Amino acid sequence: MHTLIYAVRLVSPSVSGGKFWSAELYENGLLQVSFGALRSSGQTHEKRFADRHRAYAYLDAKIQEKKRKGYQVEHQKYASTPEPAATPIPKPNAGEKPRVSPAVDSELALRWDF
């Protein structure tokens, strides 16, 4: 049994009915992505990563891409926060503001329980 650590659903409404894109990230690095028309069950694909940190980075990039295309977060849920990556993250240069990913809305995520 896989432990779910993060789930997100984005929607892109349109005159023709709209589309959805959803993803579930599991502790073992498995990422399940579903997408399709809002009135359908859509398609589901699985992608495996070496660990959940790499899967989370890939997922974050995909969420950013979908938002640029006009998708909006319908809901997102955290079961647990991914642990920091084993490799150190480089510090920003002096005077440079740290980059915060807008794809993961921590305020919204804290309101959901599993």
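## The chain at a glance

Buried residues make up 32% of the 114 residues in this chain, where buried means under 20% relative accessible area, exposed means over 50%, and partly exposed is in between (1.4 Å probe, protein chains only). The model is a predicted one, so local features need pLDDT of at least 70 and side-chain atom pairs count only at pLDDT 80 or more, while totals for chains, interfaces and linings use all residues. Residues are numbered from 1 along each chain as its sequence is written, and side-chain values use heavy atoms, with hydrogens and water left out.

The accessible surface comes to about 7,900 Å², and 52% of that belongs to carbon and sulfur atoms; these areas come from the Shrake-Rupley method with a 1.4 Å probe, and for residues only the protein chains shown count as cover. Contacts here mean heavy atoms within 4.5 Å. Take those between residues at least 6 apart in sequence, and 52% of them join residues at least 24 apart.

## How the elements line up

You'll find two helices and five strands, in the order β-β-β-β-α-β-α from the N terminus on. Both kinds are DSSP runs numbered from the N terminus: helices are H or I with at least four residues, strands are E with at least two.

## The sheet

The five strands make an open sheet in the order β4-β3-β2-β1-β5, with antiparallel pairing; two strands pair if DSSP finds at least two bridges between them. At the edges sit β4 and β5 (72-78), each pairing on one side only. On average, neighbouring strands are turned by 15 degrees against each other, direction ignored. For angles, axes are lines fitted to C-alpha atoms (for helices over the stretch in contact), and values run from 0 to 180 degrees between N-to-C directions.

Now for the pairings. Eight bridges join β1 to β2, and Val11 has Phe20 in β2 as its bridge partner. Seven bridges link β2 (residues 19-26) with β3 (residues 30-37), where Trp21 is partnered with Phe35. That hairpin has three residues between its strands, and Gly29 takes a positive phi near 95 degrees. Six bridges then connect β3 to β4 (residues 43-48), with Val33 partnered by His45. Five residues separate the strands of this hairpin, and here Gly42 has a positive phi near 70 degrees.

## Helix and core

Helix α1 lies across β1, β2, β3, β4 and β5, running at about 165 degrees to β2.

The largest nonpolar core has 16 residues, and Tyr6, Trp21, Leu25 and Leu59 have the most contacts inside it. Such a core is a set of buried Ala, Val, Leu, Ile, Met, Phe, Trp, Tyr and Cys residues joined through side-chain atoms within 4.5 Å. The elements giving two or more residues to this core are β1 (4-12), β2, β3 and α1 (52-68).

## Salt bridges

There are five salt bridges, each a side-chain nitrogen of Lys or Arg within 4 Å of a carboxyl oxygen of Asp or Glu. One joins Arg9 and Glu74 (2.7 Å, N to O). Arg9 is in β1 and Glu74 in β5, so this pair ties together parts 65 residues apart in sequence.

Another joins Arg52 and Glu27 (3.6 Å, N to O). Arg52 belongs to α1 and Glu27 to the loop between β2 and β3, so the tied parts are 25 residues apart in sequence. Arg52 counts as buried at 9% relative accessibility, whereas Glu27 is partly exposed at 42%. Lys69 and Glu65 also meet (3.5 Å, N to O), and salt bridges with shared partners join Lys62, Glu65 and Lys69 into one network.
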